[in-house]
Amino acid sequence: MMGLQMPMIPGVGDGVGSQLMHRRQLYAGPMSKLRSLMICRMAKPEEVLIVEDENGNIVRETMKDNDVLVQYKIMRETLIYLAHLDHEDTERQMLKKLSKQLNGDDWTWNNLNTLCWAIGSISGSMVEEQENRFLVMVIRDLLNLCEITKGKDNKAVIASNIMYVVGQYPRFLRAHWKFLKTVVNKLFEFMHESHPGVQDMACDTFLKIVQKCKRKFVTVQVGENEPFVSELLTTLPATIADLEPHQIHSFYESVGNMIQAEPDPHRRDEYLRRLMELPNQKWAEIIGQARQSVDYLKDPDVIRAVLNILQTNTSAANSLGTYFLPQISLIFLDMLNVYRMYSELISTSIAQGGRYASRTSIVKLLRSVKRETLKLIETFLDKAEDQPHIGKQFVPPMMDPVLGDYARNLPDARESEVLSLFATIINKYKRAMIEDVSRIFEAVFQCTLEMITKNFEDYPEHRLKFFSLLQAIATHCFPALIHLSSEQLKLVMDSIIWAFRHTERNIAETGLNLLLAMLKNFQASEFCNQFYRTYFSTIEQEIFAVLTDTFHKPGFKLHVLVLQHLFCLVESVVMSEPLWDVATVPYPYPNNGMFIREYTIKLLSTSFPNMTATEVTQFVNGLFESREDLVSFKNHIRDFLVQSKEFSAQDNKDLYAEEAAAQRERERQRMLSIPGLIAPSEIQDEMVDS
């Protein structure tokens, strides 16, 4: 008997394990048929841009079909569970169907599409060894199919499937350099393919692969004389010759990712110089002509060329971060001069032609250049590591051409990107910017407020970015706010209240975050009593107004945090002076807590006339009792709202947004525990290149 004993398998030695094995065997046949059905009927994933239209033509997809995407998600998850139940059967069925495509027995566009979508969808579900063996055969067969199949539409379908499959398996590509190189060269071939959608998909897939395998391209691989990136830069002009501008920008971002992975600084700078050679030549030519005659820069074709060069730089800066410094230093001052000149042209056009002039094609084009200039600087400063010398080099020269220009301009000619740029600068360099805050404030505060407080609709971009800038100042340069005059501080507080009253969710949320930053900073400052005596009751009243009006439910979490802060503060030793006006209130309250308790009861009795005085008093007492425990405090407020007449008949899911987010995170953790449920291409994994 001893010789016949099987080794113990966890979970199989007991009755439950053997029962599971028996059930697997019992359902093996139907499960295999279900796998076959899923593979044959697989829905189209989002990454695939090439589709068959109702006339049977292969075209570029113009609009995403959300129903199909939901169906794909469900089918993908089902197929992954089916693959885990029997990897061998899954692999066997897929390879069998692929061989039928190759020998022509079962060749149709739809059959190849559904098969490749199914192959891509189970990425990450196999162990590495099995995945390697499986993919070697899949990619080899698909490349062969591309070579032997004739016809433009047929090749476009095969190309889209090759690109989709390889984009889903970064682990395999990292482990197999020859396949990686073959695949990337194939993508370069597809970049010359004029069939709609093929070039876009080739550029998207190239970026996706480079982000996951970047170190492979800067290392000299076995059998190679130089790193792949060097070879690529030599042939770059020919590779991008047939691409559209937006595709070239994507290509530059991809190569920037490669260069960013190069550890040697000299080699990295040399790669960057070679990458930017084409746009720099064109830039030098334009600036040279402009020095001879400034009118050259007014030509629409020249403006478009300037815009294209700036967009190319932004794409490279996005992936290179700090390492983009040599390139931006090269063009920075000339770029600011072009910015200043185009700004003057815009102002002149609007001054002469009124508001409608801002809608003319030439003004729109000029403004695009201004916006892209700001976007390039913001992208670089945001992505660059926190190095003070970079801030010192780039911020002072921008003060007049960018900030001064914003202040001087007509409202319709002001770029909202100026606000987001300086918000980024303050978030990046923090307290180092304190001395500059007064100048920033002077240039943007009053004039922007005048633009955005006339109504809730005009200048939507300026609204959000203005409050983001204020939040950056309040968080990192708070001492600068303390030095404002009482009139200026009142303007700031009024603008914050105005922001969180806004029904636009992003603006209201930014206003509430800004308010929280202000409250916490003032609490820790020497002006605590003075500030809260002036604004405590106003803030409480305004927060209760938006909390109870049913239009601002998405801000519930932040409303609760503000109220908790206020109720904790009023009972703390920090508040050493009375919050009520001693001159006008004859009755001296024993403490601030009693005053705010009575004030809140009066406030809510007015807001909820249908509630009895006892109910309101119970609610307010509950706020004071639960103030130290955020969860109890939040539940107490939510229960009060849900029971109120105004909220009882409404959809209150926004009041439970935090719990819903926690549930989504638990679901994500569950999915991460099952290999493949979250595709490897979607996981921000650490680079494991060796």
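Visitor: Are F380 and F394 buried or exposed?
Guide: Both F380 and F394 are buried. Keep in mind that this is a predicted model.

Visitor: What makes F380 and F394 an aromatic pair that is edge-to-face?
Guide: Two values decide it. The ring centres are 5.5 Å apart, and a pair needs centres within 6.5 Å. The partners come from distant parts of the chain, with F380 in helix α17 and F394 in helix α18. By this rule the count comes to 27 aromatic pairs.

Visitor: Why is K186 called buried?
Guide: Its relative accessible area is 6%. Buried means under 20%, so K186 counts as buried. This lysine lies in helix α8. Leaving aside neighbours within four places in sequence, K186 is in contact with L143, C146 and E147.

Visitor: Why does K208 count as partly exposed?
Guide: K208 has 22% relative accessibility. Buried means under 20% and exposed over 50%, so K208 falls in between and counts as partly exposed. E47 is judged the same way: with a relative accessible area of 30%, E47 is partly exposed too.

Visitor: How do you know that the side chains of K208 and E47 meet in a salt bridge?
Guide: The N to O distance is 3.2 Å. The cut-off is within 4 Å, so this pair qualifies. K208 lies in helix α9 and E47 in the loop between α1 and β1, so the bridge ties together parts that are 161 residues apart in sequence. The structure holds 31 salt bridges.

Visitor: What makes E417 and K465 a salt bridge?
Guide: Their closest N and O atoms are 3.8 Å apart, and the limit is 4 Å, so E417 and K465 pass. E417 sits in helix α19 and K465 in helix α21, 48 residues apart. E417 is buried, and so is K465. Both belong to a network of salt bridges that also links R367, R371, E415 and E461.

Visitor: How do you know that the charged end of R268 sits over the ring of Y323?
Guide: One part of the test is distance: the charged end is 3.6 Å from the ring centre, and the limit is within 6 Å. The other part is direction, within 35 degrees of the ring normal.

Key
Residues numbered from 1 in each chain as written. Predicted model: local features only at pLDDT ≥ 70, side-chain atom pairs only at ≥ 80, totals over all residues. Heavy atoms only, no water. Phe/Tyr/Trp six-rings, centres within 6.5 Å; stacked < 30°, edge-to-face > 60°. Helix = DSSP H or I, 4+ residues; strand = E, 2+ residues; numbered from the N terminus. Buried < 20%, exposed > 50% of the residue type's maximum accessible area, 1.4 Å probe, protein only. Contact = heavy atoms within 4.5 Å.
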